[in-house]
Amino acid sequence: MTTADASEALPPRAIARRRLRLRAGPLLSLPLLLLLAVGFLAPLLAVLGFSFSEPRSFALLAHPTLENYETIFDPANTVYMSFLWSLWFAFLSVCILAVVSYPVAYGLAKLFGRWANLITLLMVFPLFISENVRLYGWVLFFIKNGVLDGGLRSLFGFGIGDLLFTPGIIVFGMVYTYLPFMLFPMTLGLSMVPQEAVEAAGDLGASRLQIFREVELPLSLPGIIIGALLTFVLSVGAIAESKVLGGQAVIVITHDIEIAFTYAQNWPLGAALAVLLMLVVGALVLTVLRHLDLDRILGRR
Amino acid sequence: MAATAGSGRNRRLVWIWTGLIVVFLYLPVVCGLLASLNQGRYFIFPIARWSLRWWDKTINSIEVSILIQTSITIALIVTAISVVLAFCGALAFARYNWKGRTLFQRIVLLPIFFPQTVLGLALLLWFNMLGLPLSWRTAIFAHLVWIVPIVTLVISIQVYSFDAALEEAALDLGASRWQVLKEVTLPVLWPGIFSGALFAFLLSWGNFPLSLYTTGADTTVPEFLYAKMVAGYTPGVPTLGTISTGGAALIMLGGYAIVLLARRARSGR
C-alpha cells in the first residue's frame, strides 16, 4: 500500500522520481542506523569484549581469557539460581498478563467505540511515571500499617501484616509494570480480526468459545505473540520490582549484573553475565521477529 | 449480530474488568498522594493528621528545583533530537519501498526489546572506554538510543495511513521537493509527529534505568527519588513523586487537547 510498484511504460520524469524514491529509503534510514551503531551495537560489542577480559580488570582484552565464563559455569557458583528466578518470573508474568489483558484488549478493539481513545490514554499514561514511583506506591499499599493493612485494621479490627518481600509480590510488580506492553500489541492483533469472519462463524452456528478458539485467537496471534515477547523480555531484564517490592528477598539476574558492575567492581564478570542474558533475549527476539510481518501489524487501521 | 459482540452480560463484564484494571493501574499513584499528605515522618494508614507541610517543603526546596531543571533540560533536548531522527526513520520504515527495509524495521525494534538496565550498564562501559566524562549530556545520548526507536514507531503508524499519491500529485503540479515536504508531508503527518514528541518528552522525564548509570554526578528526579526510597524516606519522596506524575499528566492532557482542537478546527473549515 505504501508505494505503487507498477512502473512499466512511465514517462521519464516519473522514472527519475522512482529512482529518487528508491534512494530515499536508505538515505532516510541513515541517521537512525548511525545512532544505533554508536549507541547500541558498539556498547554491546564492548560488553562482549569485556566478558573475555581478565577478572576485575578495567582494560579491554589486554589478556583474553575465558575465566569469567568458567566462574559462572562453576557448579559451586549459584548465579544460575538468579537466571532461573528471572526466567520463572518472566514466564509467570507473561501467562498472567495474557489472561488479564485479553478482556481489556477485546474491549478496546471491539466494544468501547468512542470511549476507546480515552481508555487507551488512561492505560498509556502510567508508562510516563517512573517505575520506581509507581512501585513505591505499592510499597505504601502493602507495607505493615500501609493502606491495605491499616485500612483493614480500622474497618474490621485485624490486619494482615506485611505482604512485601516475597517472590509472589515481585511477579505482582512485573504484571503491574508491564501490563501496557501486553495490552497494546494484543489490541492491535485483535483489531486485525475482521468482523465478517466472526459474524460468519456465528451464523454457521459456532459457540462463543468456538469463535474465540477457531477464529479470534488464531487471527490475532501476531499481536499476542509480540505482546508476550515484549513482556517476557522486559520481565527477564527487570530489576526494580525485586529491589523495591521484593526487598532483595530474591536476587534476579539483572541485579547480579548490576552488583558485579557496581559494588563488586568486577566489570568482566558482569559483562559475561550480561552476554548470557543477551543471548537468551536475542535468540528469542530474533526468532520471533523473523516470522512477523510488521507492515501488516502496524499498518492496519 | 447475535453472537458477534457477545451478549449484554459479557459486554458488561468486559467493562467492569476494564474499570478494575484502571483502578489497579492508578491505585499506587493514589497511595503516593495519600502518603504525601501525612504530617508525620512515617506513613501510618489511616492518616491521623493531614498536612501540606511536605508539599510546602518540597516546592520551596532549591535541591528539588535543580533536579527538575536537569530532568526538563534532558527531556527537551531528547525530544528535539528524537523527533528529527525519528521522522526520517519513520519515512524509511513505512513510506518508501527499498531493499533493506524489513531488516531496518527489525533493527529499529531491537533496542525496545532489550532490558534497559543492561543497556544502561553497557553504555556506562562504552562511555568509560571512550573516556567520556559522565554527565547529563551522556544521559541524553543514552535516552536517545531507547527513545528514538519508540518515536519512530509512533510516527510510522501515522505514515502508514499517509496517501503517497498526495506527494506525487504535488510533484506533478511542479512543486519542489522542499515545498512538498513543507506543504504536504509535514501537515499530513503532523499529528503523528506531535504525539511522537509527547512520547519522547514523557519517556525521558520518567526514565530511571538509563539515567541511573549515565548521568554521573548529575541527578534526575527519578534517580533522586530512588536514592531516597532506599535510604532516607520522608513524605517528601511521595510528594515529589506526585508532583512529577502531575506534571506528566498536565503535559499529556495539554497535548491531547491541542490535537483535539486542531482536528476540530481543521474539520470546521
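Modeller: Over residues 83–290 of chain A, the chain is 78% helix and 0% strand, with the end C-alpha atoms 26 Å apart. This is a predicted model, and for residues 83–290 of chain A an unreviewed UniProt entry lists "domain: ABC transmembrane type-1".

Colleague: How many helices and strands are there in chain A?

Modeller: Chain A as a whole has 13 helices and zero strands. Its radius of gyration is 25 Å, whereas the globule rule gives 19 Å for 301 residues, so chain A is more spread out than a compact globule. Along its principal axes, the C-alpha trace of chain A spans about 70 × 65 × 35 Å, and 43% of its 301 residues count as buried.

Colleague: Which residues touch the most other members of the largest nonpolar core?

Modeller: A nonpolar core is a set of buried residues joined through C-beta atoms within 7 Å. Here the largest one holds 153 residues, and Ala274(A) and Ala122(B) touch the most other members; helix 7 (residues 167–191) of chain A gives the most to this core, with 16 residues. Once neighbours within four places in sequence are left aside, Ala274(A) is in contact with Val47(A) and Ile257(A), and also with Val118(B), Leu121(B) and Ala122(B).

Colleague: How many residues does the contact take from chain B and from chain A?

Modeller: The size of an interface is often given as the accessible area lost when the parts come together. Counted in residues, the contact here takes 82 from chain B and 83 from chain A. On the side of chain B that touches chain A, helix 1 (residues 8–36) of chain B gives the most, with 15 residues, and the residues of that side divide into 62 nonpolar, 16 polar and four charged.

Note on methods: Residues are numbered from 1 along each chain as its sequence is written. Chains are lettered from A and ligands numbered from 1 in the order in which they are written. This is a predicted model: local features need pLDDT of at least 70, side-chain atom pairs count only at pLDDT 80 or more; totals for chains, interfaces and linings use all residues. Two residues are in contact if their C-beta atoms, placed from the backbone, lie within 7 Å. Helices (H or I, at least four residues) and strands (E, at least two) are DSSP runs, numbered from the N terminus. Ala, Val, Leu, Ile, Met, Phe, Trp, Tyr, Cys and Pro count as nonpolar, Asp, Glu, Lys and Arg as charged, and the others, Gly among them, as polar. A residue is buried if 20 or more other C-beta atoms lie within 10 Å of its own, exposed if 12 or fewer, and partly exposed in between; C-beta atoms are placed from the backbone. UniProt positions are given in the numbering used here, feature names are shortened, and annotations may be inferred rather than shown by experiment. The radius of gyration is taken over C-alpha atoms; the globule rule is 2.2 Å times the number of residues to the power 0.38.
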